[in-house]
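Could you open the structure and keep it beside you while you read?

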Amino acid sequence: MTRLEPFQPVDVTALHVAGTHVSDDLRLEGEPSTGFIDVAVVGGATVGIWEMTAGSMRDIEADEVFVVVSGDATVELIGEDGQVTRTIELRAGSLCRLETGMLTRWHVPVALRKVYILRDIEPEP
């Protein structure tokens, strides 16, 4: 983990995020890759940077809030019947919240980078 120290700024646009190719079962178009780095744990939440290169993929979301710092995307929310129930457009400056279990499809024309705050899931007793 790249550690974010108190009172020490980090340029989130310059940090290297190593990506891996999206698996065939999640990839829809192109050859997208995704990667992330966690930079801090604050109050039981993880703060990190996530990036997706150009392409389309499906995903199952976690409970998070994020802000897009570069790139853009069209994201579709998929209902239980497999149909698109809502579509949003993201661009640099967009703030968004996702909830655990949401099914989405991400269409990214150029690399998208976001800073996320992810609620850590507590282990079951």
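1. **Before you start.** This is a predicted model, where local features need pLDDT of at least 70 and side-chain atom pairs count only at pLDDT 80 or more, while totals for chains, interfaces and linings use all residues. Residues are numbered from 1 along each chain as its sequence is written, and side-chain values use heavy atoms, with hydrogens and water left out.

2. **The largest pocket.** Start with the largest pocket, which has a volume of about 300 Å³. It has 16 lining residues, and Phe36, Trp50, Glu64, Tyr116 and Leu118 are the closest to its centre. A pocket here is an open set of points on a 1 Å grid over the protein atoms alone, where a 1.4 Å probe fits, with protein on both sides within 12 Å along at least five of seven lines; lining residues have an atom within 4 Å of a point. The volume is the space filled by probe spheres set on those points, which are joined across faces, edges and corners.

3. **What lines the largest pocket.** Strands β3 (33-42), β4 (45-52), β5 (55-60) and β9 (103-119) each give at least two residues to the lining of the largest pocket. Strands are DSSP runs of E, at least two residues long, numbered from the N terminus. Sorted by class, the lining has seven nonpolar, three polar and six charged residues. For that sorting, Ala, Val, Leu, Ile, Met, Phe, Trp, Tyr, Cys and Pro are nonpolar, Asp, Glu, Lys and Arg are charged, and the others, Gly among them, are polar.

4. Is Glu64 buried or exposed? Glu64 is buried, because its relative accessible area is 9% and buried means under 20%, with exposed over 50% and partly exposed in between (1.4 Å probe, protein chains only). This residue is in strand β6. Glu64 and Arg119 are 55 residues apart in sequence, yet their C-alpha atoms are 6.1 Å apart in space.

5. **The second largest pocket.** The second largest pocket comes in at about 160 Å³. Its lining includes Val75, Leu77, Arg86, Ile88, Cys96 and Met102. Strands β6 (64-78), β7 (84-91) and β8 (95-98) each supply at least two of the lining residues. By class, you'll find six nonpolar, one polar and three charged residues there.

6. **A nonpolar patch.** Which residues make the nonpolar surface patch of about 270 Å²? Val65, Leu95 and Ile117 do. Patch residues have over 30% relative accessible area and no salt bridge, and nonpolar side chains (Val, Leu, Ile, Met, Phe, Trp, Tyr) are joined within 5 Å. The areas come from the Shrake-Rupley method with a 1.4 Å probe, and for residues only the protein chains shown count as cover. Leu95 belongs to strand β8, and it counts as exposed because its relative accessible area is 64%.

7. **Salt bridges.** Side chains of opposite charge can pair when their charged atoms come close. How many salt bridges does the structure hold? There are nine, where a salt bridge is a side-chain nitrogen of Lys or Arg within 4 Å of a carboxyl oxygen of Asp or Glu. Arg27 takes part in two you can look up: one with Asp24, at 2.4 Å between the closest N and O atoms, and one with Glu31, at 3.9 Å. Asp24 is exposed at 61% and Glu31 is exposed at 54%, whereas Arg27 is partly exposed at 25%. There is also a network of salt bridges linking Asp63, Arg97, Glu99 and Arg119.

8. **Phe7.** Most residues other than glycine have a negative phi. Phe7 has a positive phi, near 60 degrees. Look for Phe7 in the segment before β1 (20-21); it is exposed, with a relative accessible area of 86%.

9. Leu28, in strand β2 (residues 27-29), is 13 residues from Val41 in sequence and 32 Å away in space, C-alpha to C-alpha. Val69 sits in strand β6; Val69 and Met57 are twelve residues apart in sequence and 20 Å apart in space, again C-alpha to C-alpha.

Note on methods: Helices (H or I, at least four residues) and strands (E, at least two) are DSSP runs, numbered from the N terminus. Patches are made of residues with over 30% relative accessible area and no salt bridge: like charges are joined within 9 Å, nonpolar side chains (Val, Leu, Ile, Met, Phe, Trp, Tyr) within 5 Å.
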